[in-house]
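Dear colleague,

Here is the structure I said I would pass on. My notes on what turned up in it follow below.

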Amino acid sequence: SNFGDSKIFFIDISGGFNAAPTVLGSVRIPFFAEDMVVTPNGKWVLVTDGGFSPRAAVVDIAGRYLLNNNNLGTRYANAVDITPDGKYVLLADYFQGRAHSYALQSDGSLAYINTSWFLPFRPVNVTFSPDGKTAILAIAGSPTCVALAIDGTGLIYKTTIVAMPFKNGQSCVFNSTGDK
C-alpha cells in the first residue's frame, strides 16, 4: 500500500530472488490506504485507512479494480484481518478504542456483527489465530495487548488484556500452529 497516494500496488514476485519484481498495476483507494489483508481464497484484498475514514475497501485481485468501498458509519477501521475460513472480518478502531466484527458478503460488502470496547487502549493492528477463534490487537501508547475471542457466528468478546514487556506495540502474528 502507498498511504500518501491512496493506492495499492500489485507486484509479481514469482521469480523469487532471481528476478526483479514487476509492477502489474495499481488501484486507487478513496482514502489513505494503510493496512491490507488478502482473503483466504485469494480473490480479494481488504484495505483499511490510517486516517479518520470510516471505510473499508474490497479490491478484486484478478481484475485489479475497487469492488466495494464499504461505509462503516461511525466505526473507524485502521487495521484489518480476516478469519482463516474467510467468513469474518475484524477491524481495529484506534480512535475509539474498539474492534468491530463484520461478516464478509459475496458481493464484497461488510455486514456489521458487533463491537468490543477497550478504551483507554487504542489498537493499531490485529491478527487472527490459525483456527480463527482468537484475535490479538497490538496497542499504541500502552505496554499491553488485547486478546479477543470470536465465536462461530462472528461475535467478538474481550477475553483479557495482556501485559507486555514494552510500550507501543505495532504488529502481531501467530505461528502456523497457533501456539506461539
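This is a predicted model: local features need pLDDT of at least 70, side-chain atom pairs count only at pLDDT 80 or more; totals for chains, interfaces and linings use all residues.

Overall architecture. The chain has 14 strands and zero helices, so in sequence order the pattern is β-β-β-β-β-β-β-β-β-β-β-β-β-β. The radius of gyration is 16 Å, which agrees with the value near 16 Å that a compact globule of 180 residues would have. Along the principal axes, the C-alpha atoms occupy a box of roughly 45 × 40 × 30 Å. Of the 180 residues, 44% are buried. The exposed surface comes to about 9000 Å², with 55% of that area supplied by carbon and sulfur atoms. If we take the contacts between residues at least 6 apart in sequence, 42% of them link residues at least 24 apart.

In soluble globular proteins, nonpolar side chains tend to be buried together. In this chain the largest nonpolar core contains 17 residues, and Leu90, Ala99, Phe118, Val126, Leu137 and Leu148 have the most contacts inside it. Two or more residues each come from β8, β9 (98-104), β11 (122-128), β12 (134-140) and β13 (144-150). There is also a second, separate core of 14 residues, which includes Trp44, Ala77, Ile82 and Leu91.

Leu148 is worth a look on the display. Beyond its neighbours within four places in sequence, Leu148 is in contact with a list of residues that includes Leu90, Ala99, Phe118 and Leu137.

Buried loop residues. Ser53 sits in the loop between β4 (44-49) and β5 (55-60). Its relative accessibility is 13%, so Ser53 counts as buried, the cut-off being under 20%. Outside the four places on either side in sequence, Ser53 contacts Phe31, Tyr76 and Ala77; Ala77 is also one of the residues in the second core.

Gly86 lies in the loop between β7 (79-82) and β8 (88-93). With a relative accessibility of 18%, Gly86 is buried under that cut-off as well. Not counting residues up to four places away in sequence, Gly86 touches Pro40 and Leu104. Gly86 and Gly154 are 68 residues apart in sequence, and their C-alpha atoms are 11 Å apart in space.

Backbone points to check. Which peptide bond is cis, with omega near 15 degrees? The bond in question runs from Leu119 to Pro120, and Pro120 is in the loop between β10 (110-117) and β11.

Two residues other than glycine have positive phi: Ser6, at about 55 degrees, and Arg64, near 55 degrees. Ser6 belongs to the segment before β1 (7-12) and is buried, at 12% relative accessibility. Arg64 is in the loop between β5 and β6 (65-71); with a relative accessible area of 33%, Arg64 is partly exposed.

Regards

Terms used. Residues are numbered from 1 along each chain as its sequence is written. Side-chain values use heavy atoms; hydrogens and water are left out. Helices (H or I, at least four residues) and strands (E, at least two) are DSSP runs, numbered from the N terminus. The radius of gyration is taken over C-alpha atoms; the globule rule is 2.2 Å times the number of residues to the power 0.38. Buried means under 20% relative accessible area, exposed over 50%, partly exposed in between (1.4 Å probe, protein chains only). Contact means heavy atoms within 4.5 Å. Accessible areas come from the Shrake-Rupley method with a 1.4 Å probe; for residues, only the protein chains shown count as cover. A nonpolar core is a set of buried Ala, Val, Leu, Ile, Met, Phe, Trp, Tyr and Cys residues joined through side-chain atoms within 4.5 Å.
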